[in-house]
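Dear colleague,

I am handing over the structure below, together with some notes on what was found in it. Please keep it open beside this message while you read.

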Amino acid sequence: FMQDHNEWLKFAFEDLKAAKKLISGEDPLIGSATFHTQQCAEKSLKGFLAYSGAPLRRIHDLTALVSFCKKIDAEFLDIESEAASLNPYLCQTRYPEDSFLMVDLTTAYISIDQAEKIYDLVMSKIIF
């Protein structure tokens, strides 16, 4: 299981870029974009945990990941609502039986802002 925080953050940034590209242009791919916002948040949080030397678990629940991060740094309280908001996009935008969550373009832009806030908080904690 990937432990290098730089690898996690590289993948997180790529997911953020993918989300932005997927909603730009004539034919936005909203479900795919919001999936990538969840992925950006998840990989950012796992990057922070790896950087902090915390054990990494194979979970995708952003609220659980934030609670692990909060034990290390209380400032992660500031992104609890963003994490909770992005959490459903892991499955509910990927599979037909879970697709009761219909996301519009405005919501996709908000999810990008939320993912970016999580990514930026993590990056502010990493000393290069």
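At what angle do helix 1 and helix 2 pack, and how far apart are their axes? Before the answer, please bear in mind that this is a predicted model. The two helices pack at an angle of about 165°, and their axes are 8 Å apart. Angles over 145 degrees count as roughly antiparallel, and helix 1 and helix 2 are therefore roughly antiparallel to each other. The crossing in which helix 1 passes helix 2 is left-handed.

The residues that make this contact include, on the side of helix 1, Trp8, Phe11, Asp15 and Leu22, while helix 2 contributes residues among which are His36, Cys40, Lys43, Gly47 and Tyr51. Sorted by class, the contact of helix 1 with helix 2 has 12 nonpolar, 7 polar and 3 charged residues.

Helix 1, which covers residues 5-22, also meets helix 5, which covers residues 105-125. Their axes come within 11 Å and cross at roughly 155°, which makes helix 1 roughly antiparallel to helix 5. This crossing, too, is left-handed. On helix 1 the contact is made by Leu9, Ala12, Phe13, Leu16, Ala19 and Lys20, and on helix 5 by Ile112, Ala115, Glu116, Tyr119, Val122 and Met123. By class, the contact of helix 1 with helix 5 has 10 nonpolar, no polar and 2 charged residues.

The other part of the model that I would like to point out is helix 3, residues 62-72, in which Leu62, Leu65, Val66, Phe68 and Cys69 are buried. Seen down the axis of helix 3, these buried residues fall within an arc of 160°, so they line one face of the helix. Among the elements that cover the buried residues of helix 3 are helix 2, at residues 30-51, and helix 4, at residues 80-86.

If its neighbours within four places in sequence are left aside, cysteine 69 is in contact with Leu45, Phe48, Leu49 and Phe76. Cysteine 69 and alanine 54, although 15 residues apart in sequence, are 8.8 Å apart in space, C-alpha to C-alpha.

Notes:
Residues are numbered from 1 along each chain as its sequence is written. This is a predicted model: local features need pLDDT of at least 70, side-chain atom pairs count only at pLDDT 80 or more; totals for chains, interfaces and linings use all residues. Side-chain values use heavy atoms; hydrogens and water are left out. Buried means under 20% relative accessible area, exposed over 50%, partly exposed in between (1.4 Å probe, protein chains only). Helices (H or I, at least four residues) and strands (E, at least two) are DSSP runs, numbered from the N terminus. The arc is that of the directions from the helix axis to the C-beta atoms. Contact means heavy atoms within 4.5 Å. Axes are lines fitted to C-alpha atoms, for helices over the stretch in contact, and angles run from 0 to 180 degrees between N-to-C directions. Angles under 35 degrees count as roughly parallel, over 145 as roughly antiparallel, 65 to 115 as roughly perpendicular and the rest as oblique. A crossing is left-handed if the near helix is turned anticlockwise from the far one by less than a right angle, and right-handed if clockwise. Ala, Val, Leu, Ile, Met, Phe, Trp, Tyr, Cys and Pro count as nonpolar, Asp, Glu, Lys and Arg as charged, and the others, Gly among them, as polar.
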